[in-house]
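Please look at the structure first.

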Amino acid sequence: MILGLRSKIIPLPDHKLGNIKLGSVTKDAICHRPCRVRCSHSTASSMEEAKERIRETFGKIELSPSSYDTAWVAMVPSRYSMNQPCFPQCLDWILENQREDGSWGLNPSHPLLVKDSLSSTLASLLALRKWRIGDNQVQRGLGFIETHGWAVDNKDQISPLGFEIIFPCMINYAEKLNLDLPLDPNLVNMMLCERELTIERALKNEFEGNMANVEYFAEGLGELCHWKEMMLRQRHNGSLFDSPATTAAALIYHQYDEKCFGYLNSILKLHDNWVPTICPTKIHSNLFLVDALQNLGVDRYFKTEVKRVLDEIYRLWLEKNEEIFSDVAHCAMAFRLLRMNNYEVSSEELEGFVDQEHFFTTSSGKLMNHVAILELHRASQVAIHERKDHILDKISTWTRNFMEQKLLDKHIPDRSKKEMEFAMRKFYGTFDRVETRRYIESYKMDSFKILKAAYRSSGINNIDLLKFSEHDFNLCQTRHKEELQQMKRWFTDCKLEQVGLSQQYLYTSYFIIAAILFEPEYADARLAYAKYAIIITAVDDFFDCFICKEELQNIIELVERWEGYSTVGFRSERVRIFFLALYKMVEEIAAKAETKQGRCVKDHLINLWIDMLKCMLVELDLWKIKSTTPSIEEYLSVACVTIGVPCFVLTSLYLLGPKLSKDVIESSEVSALCNCTAAVARLINDIHSYKREQAESSTNMVSILITQSQGTISEEEAIRQIKEMMESKRRELLGMVLQNKESQLPQVCKDLFWTTINAAYSIHTHGDGYRFPEEFKNHINDVIYKPLNQYSP
């Protein structure tokens with residue numbers, strides 16, 4: 001049974017699929033739309049230009065100006081005179097960049113960033129008042145604070161990191177500068193009290209280690225900060241925590257430091273009169289760019305640039321570069337991207353984050369950012385070793401629990417909620433193309449991230465990326481629609497409905513592979529994969545339900561004779577229909593494979609079918625008819641063949657492009673990949689189909705464990721043991737797919753094994769995927785029929 005799924009699908013009533021009524025064709029068919037996406041010469045030229053602009057962004061990505069950090073740099077006094085600014089150009093920038101409503105902050109702003117605007121505005125007012133300039137701008141800024149002060153304690157607003165410490169501190173500083181802020185006195189007193197309690201707890205000995213949680217917000221501690229000790233944390237680039245604001249505060253509250261000055265001066269040499277909220281930004285920006293390209297489904301167009309970036313990140317990883325390892329989000333993202341792109345990295349580098357309490361008491365407050373938690377959880381999902389990656393298992397447990405608790409907070413912003421919900425989904429349990437569409441649809445050019453100030457990245461959030469990814473999605477969709485039409489003609493020509501297959505299964509089978517092996521260049525492999533899924537399902541249904549043992553033996557003899565099948569004869573019409581469909585399909589695929597491989601592989605394709613059919617006969621004759629219970633080893637040796645993986649995966653390998661010698665196909669590497677993939681697919685199937693197969697008197701891993709235990713193992717315990725076995729095999733498979741050393745198999749071929757497991761997990765994410773037709777119809781519509789129209793020129 002192909003991935004444990006069958007053609008007997010719940011019929012669908014008339015309803016709309018997108019804008020199309022199913023009833024206009026047949027009740028259990030998914031209607032297709034004519035292809036309307038065409039790529040004109042001008043469009044193609046425009047996309048090439050967009051691609052070149054995206055390519056040029058590598059290594060040139062800039063973060064947006066931070067009014068908040070620029071204001072703190074502007075407050076640094078000259079080394080020669082305490083009455084003169086050290087960086088007057090920053091004051092000029094503040095004077096020139098006040099927004100129409102009197103505020104400062106991210107431009108354009110966002111309705112959820114009122115707190116960020118309040119923080120940036122107050123910092124800018126302090127800088128202007130300190131140097132006694134910009135009276136008009138100060139009055140306009142005070143007007144903004146007066147009309148938006150309601151947001152200070154509003155839980156629905158997104159708070160900059162450390163807002164509860166920094167904002168009250170700036171209120172105190174404003175009082176010293178005789179700057180009368182139009183804020184509710186009761187609200188101010190409450191914030192000041194909460195700030196004092198937070199700092200007091202951090203400074204007590206019994207909270208030793210918690211001080212690290214507020215050091216990133218040191219400008220909010222002011223004179224309470226132990227600046228001499230703080231300078232011990234100074235980084236090689238001269239900064240404190242790569243934060244211009246905190247580094248500037250050290251020069252304001254502590255003393256002149258040549259390295260701090262050099263750090264700020266180096267930023268201003270780049271940007272003239274403003275600073276970002278984090279610097280340096282190269283690693284930060286490149287990591288997020290590579291991640292965005294992968295999520296948008298267009299990283300394949302920038303393989304050279306992506307490899308150059310990851311090679312550099314890997315070099316810095318091996319050197320334990322400060323910019324990577326001093327930031328949890330950077331470290332976790334680098335680990336995940338490097339491992340999933342075949343670089344050898346150890347999870348031991350994440351050992352400092354295995355425990356939630358340890359994480360929050362020893363890390364800087366910067367780590368409180370939920371982005372760091374999300375990235376840690378994502379990194380924890382790429383475990384490939386049963387023992388070595390126990391660190392990742394511990395991280396996965398506490399980060400999941402943490403996010404589950406956060407999701408219970410009714411005040412959590414929708415943006416953060418969606419990010420957490422997505423991060424908690426297993427990356428190997430989703431259809432890639434479905435997620436790509438969702439990512440493109442949620443992609444906003446005005447999207448932002450937030451540390452102590454909100455920021456954007458010009459290379460990651462721009463119109464070129466949106467237009468290019470949308471255009472690519474629609475082009476692939478066009479190809480998929482055309483291929484599905486070919487599949488429908490093939491299905492009709494083979495008369496497969498006459499052997500019990502619903503045409504609806506055609507859509508589902510094609511969608512499953514198109515949603516994860518979507519690239520146009522893999523059309524032959526994709527079509528072969530989908531056709532094999534349909535034919536294997538047909539023969540599986542024969543063996544399970546429909547025909548007698550003699551007919552099954554007839555099919556096996558026909559396949560064994562192959563070229564001489566006409567001398568065998570057909571015991572029934574349905575055997576004739578099935579075999580001729582199989583014969584035509586294998587002959588067609590063998591011809592294409594011979595063209596791609598430069599050698600004939602038809603005998604191998606036929607032998608794969610013979611092996612599978614004979615194993616199916618064992619299931620029918622010994623286990624079902626004679627009611628023999630096999631051992632676990634006997635069961636897996638047969639059931640891992642009848643699941644169909646060896647047949648359709650090894651066949652599809654020949655059509656991916658790379659030439660594969662007979663020695664490579666017969667190598668221990670391919671055998672191990674195939675066995676592991678088949679085992680995971682079989683175990684996934686058995687867990688989810690146990691009840692149904694029990695009712696049909698079919699053998700299943702769950703029933704075998706229960707029977708062999710003589711009643712000592714419950715159904716729940718049997719399923720738990722199978723899940724452990726399945727997870728172990730899944731990790732082993734991922735490890736082999738990502739292994740470069742001594743591998744003979746091209747990466748695209750290894751990826752197909754992993755793709756197959758993705759399909760199996762994805763189908764069963766919410767149960768048996770084929771038995772949830774409404775959800776699948778929505779997915780089919782999104783991936784194959786409904787064009788993306790996010791960008792409107």
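Predicted model: local features only at pLDDT ≥ 70, side-chain atom pairs only at ≥ 80, totals over all residues.

Arg336 sits in helix 15 (residues 328-340) and Asp291 in helix 12 (residues 282-295), so the pair ties together parts that are 45 residues apart in sequence. Arg336 and Asp291 are buried.

## Other salt bridges

Lys592 and Asp524 also pair through their side chains, at 3.6 Å from N to O. Here too, distant parts of the chain are linked: Lys592 belongs to helix 25 (residues 573-597) and Asp524 to helix 23 (residues 523-546), 68 residues apart. Lys592 is partly exposed, at 33% relative accessible area. Asp524 is partly exposed as well, at 25%.

Arg730 and Glu727 meet in a salt bridge of 2.8 Å, N to O. They are 3 residues apart in helix 32 (residues 715-738), so about one helical turn separates them. Arg730 is buried, with a relative accessible area of 1%. Glu727 is partly exposed, at 23%. Elsewhere, shared partners join Asp524, Lys531, Glu588, Lys592 and Lys596 into one salt-bridge network. The whole structure holds 44 salt bridges.

## A negative patch

Asp153, Glu164, Asp184 and Glu194 form a negative surface patch. Asp184 lies in the loop between helix 6 (163-176) and helix 7 (185-203). Its relative accessible area is 43%, so Asp184 counts as partly exposed.

## Asn237 in its loop

Asn237 is in the loop between helix 9 (227-230) and helix 10 (244-253). Asn237 is partly exposed, at 30% relative accessible area. Its contacts include Lys259, Tyr263, Cys279 and Glu322.

Technical notes: Residues numbered from 1 in each chain as written. Heavy atoms only, no water. Patch = residues over 30% accessible without salt bridge, like charges linked within 9 Å, V, L, I, M, F, W, Y side chains within 5 Å. Areas by Shrake-Rupley, 256 points an atom, 1.4 Å probe, with all protein chains shown as cover. Salt bridge = Lys/Arg side-chain N within 4 Å of Asp/Glu carboxyl O. Lys, Arg positive; Asp, Glu negative; His and termini not counted. Charge placed at Lys NZ, Arg CZ, Asp CG, Glu CD. Helix = DSSP H or I, 4+ residues; strand = E, 2+ residues; numbered from the N terminus. Buried < 20%, exposed > 50% of the residue type's maximum accessible area, 1.4 Å probe, protein only. Contact = heavy atoms within 4.5 Å. Lists of a residue's contacts leave out its neighbours within four places in sequence.
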